[in-house]
Amino acid sequence: MLLIHPPQVRNCEPPVALAHLAGALIAAGEPVTLVDGALEGFLWLTDQPCGDSTDLQGKRVRRKKDCILSFSQNPDSFDKYKKKISDIRLLASTSKPVIERGTKISPADYQDPQLSPLKSQDLFYSWTHPEENVYFPWFSLRLKPLLKEKDNLHVGVSMGFLSQALTGMAICGWIKKEFPHSRVILGGSLINSWLKGPSDTSSLYKLADKIHHGQGEKDIVQFTGREYKGPGIPSFGDLYNRRISKDYLSPGRILPYSAALGCSWKRCTFCSETWEQNRHCEKSSDDVVRHLSVLSQKYNPSLIHICDSEISPELIDRLIQQPPGPQWYGFSRFLSSMSSREYCVKLARSGCRMLCLGLESGDQKVLNSLQKGIRLELVSEILKNLKEAGILTYVYIMFGTPAENRDGALRTRDFIGEHSQYISFLNAAVFNMPIASREDDNLNSMEFYEGDLAIYKNFIHPEGWSRGEIRTFLQKDLKKITEIRDILKRTPPVFTSSHAPFMAEFLQKE
Ligand code: SF4
């Protein structure tokens, strides 16, 4: 079976979904070929000539291309790191195919000037006109020989993000046109969100032989006609050992791993995990530590990324007892166990390099209304303990939830300001209401984005705390605080949390 991860999403680590699907297929005896378009397609773009002969920047980055794309010698300051990322971006954005089509592109994003991934008619257009896609020359050349192999009669296309949707559909359409006997299954978390939401998704079923939502391992094995023999051990095939001579765009090798699907808490009212009612399926902690040990020995990563929506408290305890070897990071809730300094020290000893923590608000009333299940006193203690133990923190906050008003937002700002010395990185976002949310039952809601496949919706804020006002607040009130501005300035451009664990050295120099 051929498994494809379409461009364009962050290309600093292999796609975790493909590795897990491959593990189940291999366990069932199915040979698998993995193609990661997010890296290969992007690198193909960087190989293309400059699209504008008068563009001096475009020419400059091409002269130093190999050096820019290599992380074998990491930059020795944050400024040099930022310059490198900006040059990587320029290599693709100044390439001829991108300039000709007018696409907006980065190593983490793709926006077509004419087509929207939120409109089913545009997805269908992309499916029927694959040759118009920026990546067409790459994927047609790369996939043709693979699709001629008899082992690749079945093809899986996995889409997790909107930025993959148009190219993913172009790939599906091209395969069905050129290789009509191929059987294509389409899945991934984006497809899951669409199918679980209220939009009419009937048109999607015409674009592949099978559309899948939820945990994909069993389904994909059965799609090939084989018997499911369990999830197996994730396999990265030759994604790390590539013939195209470049490794992932990261200061160190990252090994992604999913220990669970869905979230065990699943109560936060703003979160699609809650509204999509995604089943929580967790691997046994025995399997997780065994897999991590096998995979670490095989691929020798410098960092493990545990990709779960939130790493379960039980798994964190197990990682403390049986550290995986390499350092690791992932999303966690503010757990009461972390209020113990000793516990945080043990956590650091287990290799925990960074925790991504959803705080959302520094106003207790708002937190209660969001059903976050955390108290600010506990958050305060945990942030201090993690800092003391040497664990980096990437804290997420958002503004504009129905229960928040300007005063609540100011309380969040003050909480962050007071704890700035304990926060390594900060993500401050404007709240987006998931399309499947029932939170707006008592609110006046309406379409947010143009398109029948929107995944968020708009609403009239009960206290008039509008998106425009919130954006002004972020610029004027939040960034007015020097300590907060300093944290925000540390955000690694483009790769954000994926590269943040590698930034410790730069933070120490601050
Ligand atoms: S915000 Fe995090 S903890 Fe809350 S339901 Fe979503 S994934 Fe779970």
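A: The domain bounds used here come from an automatic or database domain assignment, and the structure itself is a predicted model. On that assignment the chain falls into domain 1, made of residues 2–48 together with 95–223, and domain 2, which covers residues 254–509. The C-alpha centres of domain 1 and domain 2 are 28 Å apart. To the contact between them, domain 1 contributes 22 residues and domain 2 contributes 24 residues.

On the domain 1 side of this contact, the elements that supply two or more residues are α1 (16–27) and α10 (189–196). Of the elements on that side, α10 gives the most, with 3 residues. By class, the residues with which domain 1 touches domain 2 comprise 8 nonpolar, 9 polar and 5 charged.

Turning to the strands, an open sheet is formed by 5 strands in the order β2-β1-β5-β6-β7, and their pairing is parallel. Its edges are β2 (33–36) and β7 (210–211), each of which pairs on one side only. Strand β1, residues 2–5, is joined to β2 in the parallel sense over 4 bridges, and within this part of the sheet His5 stands opposite Asp36 of β2. Helix α2, residues 37–46, packs on the sheet and touches both β1 and β2, while its direction makes about 55 degrees with that of β2.

Another parallel pairing links strand β14 (residues 392–399) to strand β15 (residues 425–430), over 6 bridges, and here Tyr396 stands opposite Asn427 of β15. With helix α18, residues 406–418, these two strands, β14 and β15, make up a right-handed β-α-β unit.

Definitions and conventions. Residues are numbered from 1 along each chain as its sequence is written. This is a predicted model: local features need pLDDT of at least 70, side-chain atom pairs count only at pLDDT 80 or more; totals for chains, interfaces and linings use all residues. Two strands pair if DSSP finds at least two bridges between them. Two residues are in contact if their C-beta atoms, placed from the backbone, lie within 7 Å. Axes are lines fitted to C-alpha atoms, for helices over the stretch in contact, and angles run from 0 to 180 degrees between N-to-C directions. Ala, Val, Leu, Ile, Met, Phe, Trp, Tyr, Cys and Pro count as nonpolar, Asp, Glu, Lys and Arg as charged, and the others, Gly among them, as polar. A crossover is right-handed if, with the strands pointing away from the viewer, the path from the first strand over the helix to the second runs clockwise.
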